[in-house]
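Student: Can you walk me through this structure? I'd like to start with the overall picture and then get to the details.

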Amino acid sequence: MKLQQSPGYIIISEWLAKKGMKPFEFQLETWQNIQQGNSGLVNAPTGFGKTFSVFLGGIIQFINENPGTYKTKTKSGLQLLWITPLRALSKDINRAMQEVIAELGMQWQVGSRNGDTDVNERARQKRHMPEVLIITPESLHLLLATKDYSTTFSTLQIIAVDEWHELLGGKRGVQVELAISRLVGMKKSQWSMVNSQSSINTNETTKIKSKGAKNNQQLSTTNCQLSIWGISATIGNLQQAKEVLLSSLQQLQNHQNTTNKQQTLFANDERKIPGVIITANVKKEIEIISVIPEEIEKYPWAGHLGLNLAQQAIDIIRANTTTLIFINTRGMSERWYQKILELAPDLAGAIALHHGSIEHELRNWVEEALHTTTLKAVVCTASLDLGVDFRPVETVIQVGSPKGVARFLQRAGRSGHQPGKVSRIYFLPTHTLELVEAAALKQAMNEKLIENREPRMLCFDVLTQYLCTLAIGEGFRPEVIFNEVKSTFCYADMNDDEWQKVLYGIVSGGEALQAYDEYKKVEVEAGGLYRIKNRRIAMRHRLHIGTIVSDSMIRVKYMAGGYIGVIEERFISKLEPGDVFTLAGKNLEFIMIKDMTALARKSNAKKSMIPSWEGGRMPLSSNLGKMLRRKFNEALSNSEDVEIRALQPLFDLQEHLSHVPRENELLIEQIETKDGFHLFVYPFEGRLVHEAMAAILAYRISQITPITFSFAMNDYGFELLSDQPIPVDDTNVYELFTTDDLFADIQRSVNSTEMAKRKFREIAVIGGLIFQGYPGEQKKTRHLQASAGLLFKVFSEYDNNNLLLRQSYAEVMDQQMEEVRLRKMLERIQQSAIILTYPTQLTPFCFPIKVDSMREDMSSEKLEDRVKRMQARLVK
């Protein structure tokens, strides 16, 4: 049946017409593919109805299957599983879906399941699962840890993964891959039952058959269908994103084709991985406006300029109905909120703060207030990055570099969140050189140069956790689950030996820990079923299902009652009673810690300490770095970009003292000051690559002559500082930047063992080797690190082929050292002209790096005074 002739489409199109709307072409295409049982990835600009493309497709499919009873049919079982990365998204999506269902007169129920869902709601869902369940990856795995999850998912027709691009690059994306592989595996078993074939998993299918009969859920080929749809913003590797999401479908497709040659649930059977990419052919207009400082500093430095432009931000807030102000770190968001209220006290009550460490009830209030235009502005972090539909938001302000093109476009899309509306974003620099990034972002947007999201590979910590999750629920059979896990993109290259090591680890503790009973979690029953029977082990595992590992967090509470938010333990541990700190926009006086809760009271103090949270500094993306290098080609010409023209005095001074590097050049400056001999290098590749390159370069130079260095770096370049001349010149500079022996030089130049040990803590927690504690009794970070350090040492000495140990070294190379990007940078430099200059004083380019090197030893007030004196001397 053609889509336009189906009863579901006719009903939906009539409903849309009454509202004065009609579907976009990409929505029609998605509905057609869902009706045909296909899977795929939907890619469309923010505000054009990506959600409805899949959700209404599911509604149409249900109406087509129940044309006469769709309004009266109740308790149809779970039809649509909606996986979302953020709890904040679930509330907004839930509201939108319920409005549609009510207007159509259907009896579907919509439920949400995440860390905030109360016990009563979970119990109701267990008795009668709603037709639509909006869930986070962690809560989905918790469902897989229940005894009857096979019944829960037996009626499932569609899996939708919202904001797939956001999940793809991390371990939460791996969680989604594994969960999908299990759900696909269940459909495979159901298909076998329907076709009267012997089931691979007798235990599982028997339960489905008996419980399905009890609930009057008769299995048929319809029940065995499963469509998987990703919803994604634009990224550079959409094809790969689709392949990662749909990889497991191949096992179901192959099984169906072999059990019934005449029937298949998927189109395009000749493809290795089934599915389509549906891209909306609609243009979202984005207006980028740079806030140009009245005075361009010729010697810029990071951080201070933004707050000096707070008045311009206030002017933008007053000129618009609702504005989101995006700050890159939670600590700086607290400072910005305080600064705006200091300059504009009349905005008190009309402006709010939103970040991940604020109590969730307050965050929920802020989100509701945005919907109702109660608030005029919200200072926020990445906590409001994703697709919450705040239609009243007219304008976005990005403070400082967004570090990537995709993130900038995502934030811009928070404004004008409707078809035909313009998304307006102001770029407010935190130092003058960041204006080049604004120009680079504009060009990258025009050229659609969007970053890739690289999928994770062979995450054995997540696999270990997942197998224990299954063992808590209905148990698993290794021969079944091995094939399912191998069907995922993440574990496609896993070999049988690695699989056996994972099983050995959860059953016997592995080579090094087999003497300790607490690591023998899984028992093998006589029939070959792997189960966790120990209730204590099962409870502890359920408490820590997930892949988000951070420093221990301590809740902050008023003495008189009422929670404010959470702060990392390492910050609170440095406070003395009477110290004043800022959280949730309030100045608070620290009193004491009691029962793992920090007690505080309001303070009227003018000065306070701003907490800093781990993970606050993101590196520059490779795409934005590439555009930056290209933009410097225009620095000394008549550029069309207002940002480049505004920076002309700075570029003229840089060219006078040293050189402005072109796209195909690497600039190296050697400067002698009273502090010593400086070597500044400008690859424009982000701080992580620069940190690694600084260590490698220092090691290679030390092979020429005995010499010691201190390092400093930012996203634009790095500094080596020594007390003796640095032997870098035309005769050896290309050899110093060679890719030869790169891996070995990395190992020699940095303490990779120490870095791997720190990374191992996160892996050990996810893999269940370290218990973080019960709610309200979390272990301190230093205790977790000590436990991880001990395990790391034991594995290194007695099981040096341990998979989790190997993974910790691999993650250091891939994520902290960015070895692939580092190698590409060196290959680019070998094809470039290396320009060596010898300025007589610090230059505009090196000045911000020099200031960054002084931050560790000075308070912010002392640093600012010192910088002003340095600037005064340099401009004489």
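Tutor: Let's go through the chain, its sheet, its cores and its salt bridges in turn. Keep in mind that this is a predicted model.

Student: Okay, how many helices and strands does the chain have?

Tutor: There are 36 helices and 25 strands.

Student: And what share of the residues counts as buried?

Tutor: The chain has 876 residues, and 59% of them count as buried.

Student: What about contacts in the chain, for residues at least 6 apart in sequence?

Tutor: Of those contacts, 75% join residues at least 24 apart.

Student: Let's do the sheet. In what order do its seven strands come?

Tutor: The order is S3-S4-S2-S5-S6-S1-S7. The sheet is open, and the pairing is parallel.

Student: Which are the edge strands?

Tutor: S3 (110-113) and S7 (276-279). Each of them pairs on one side only.

Student: How are neighbouring strands of this sheet turned against each other?

Tutor: By 20° on average, with direction ignored.

Student: Pick one pair. How many bridges join S5 to S6?

Tutor: Four. S5 covers residues 158-161 and S6 covers residues 227-232.

Student: Which helix lies across S5 and S6?

Tutor: Helix H3, residues 50-65. It also lies across S1 (40-43), S2 (80-83) and S4 (132-135). H3 runs at about 160° to S6.

Student: And what does helix H6 touch?

Tutor: H6, residues 137-144, packs on the sheet and touches S2, S3 and S4. Its direction makes about 120° with that of S4.

Student: New topic. How many residues are in the largest nonpolar core?

Tutor: It has 118 residues. Phe 153, Leu 463 and Phe 737 have the most contacts inside it.

Student: What does Leu 463 touch, not counting residues up to four places away in sequence?

Tutor: Leu 178, Val 485, Tyr 491, Met 494, Trp 499 and Val 502. There is also a second, separate core of 65 residues. It includes Leu 324, Leu 628, Leu 647 and Ile 671.

Student: Let's look at one helix. Which residues are buried in H27?

Tutor: H27 spans residues 648-657, and its buried residues are Leu 650, Phe 651, Leu 653, Gln 654 and Leu 657. They cover an arc of only 160° around the axis, so they sit on the same side of H27.

Student: What covers them?

Tutor: The cover includes helix H18 (434-446), helix H26 (642-646) and strand S21 (665-673).

Student: Salt bridges now. How many are there?

Tutor: The count comes to 34.

Student: Which residue does Arg 124 form one with?

Tutor: Glu 121, with the closest N and O atoms 2.8 Å apart. Both lie in helix H5 (residues 119-127), three residues apart, which is about one turn of the helix. Arg 124 is partly exposed, at 42% relative accessible area. Glu 121 is also partly exposed, at 23%.

Student: What does the salt bridge between Glu 166 and Arg 453 tie together?

Tutor: The two side chains meet at 3.9 Å, N to O. Glu 166 is in helix H8 (residues 164-168), while Arg 453 is in the loop between H18 and helix H19 (460-472), so the pair ties together parts that are 287 residues apart in sequence.

Student: And Glu 342, is it exposed or buried?

Tutor: Exposed, with a relative accessible area of 55%. Glu 342 forms a salt bridge with Lys 339, the closest N and O atoms being 3.8 Å apart. Lys 339 is partly exposed, at 24%.

Student: Which residues are linked in a network of salt bridges?

Tutor: Arg 629, Glu 685, Glu 818, Arg 821 and Arg 828.

Student: Last one. What is phi of Glu 163 near?

Tutor: It is near 50°, a positive value in a residue other than glycine. Glu 163 is in the loop between S5 and H8.

Student: Why does Glu 163 count as buried?

Tutor: Because its relative accessibility is 6%, and buried means under 20%. Lys 403 also has a positive phi, near 75°. Lys 403 is in the loop between strand S12 (395-399) and helix H17 (405-412).

Key: Residues are numbered from 1 along each chain as its sequence is written. This is a predicted model: local features need pLDDT of at least 70, side-chain atom pairs count only at pLDDT 80 or more; totals for chains, interfaces and linings use all residues. Side-chain values use heavy atoms; hydrogens and water are left out. A nonpolar core is a set of buried Ala, Val, Leu, Ile, Met, Phe, Trp, Tyr and Cys residues joined through side-chain atoms within 4.5 Å. Buried means under 20% relative accessible area, exposed over 50%, partly exposed in between (1.4 Å probe, protein chains only). Contact means heavy atoms within 4.5 Å. Helices (H or I, at least four residues) and strands (E, at least two) are DSSP runs, numbered from the N terminus. The arc is that of the directions from the helix axis to the C-beta atoms. A salt bridge is a side-chain nitrogen of Lys or Arg within 4 Å of a carboxyl oxygen of Asp or Glu. Two strands pair if DSSP finds at least two bridges between them. Axes are lines fitted to C-alpha atoms, for helices over the stretch in contact, and angles run from 0 to 180 degrees between N-to-C directions.
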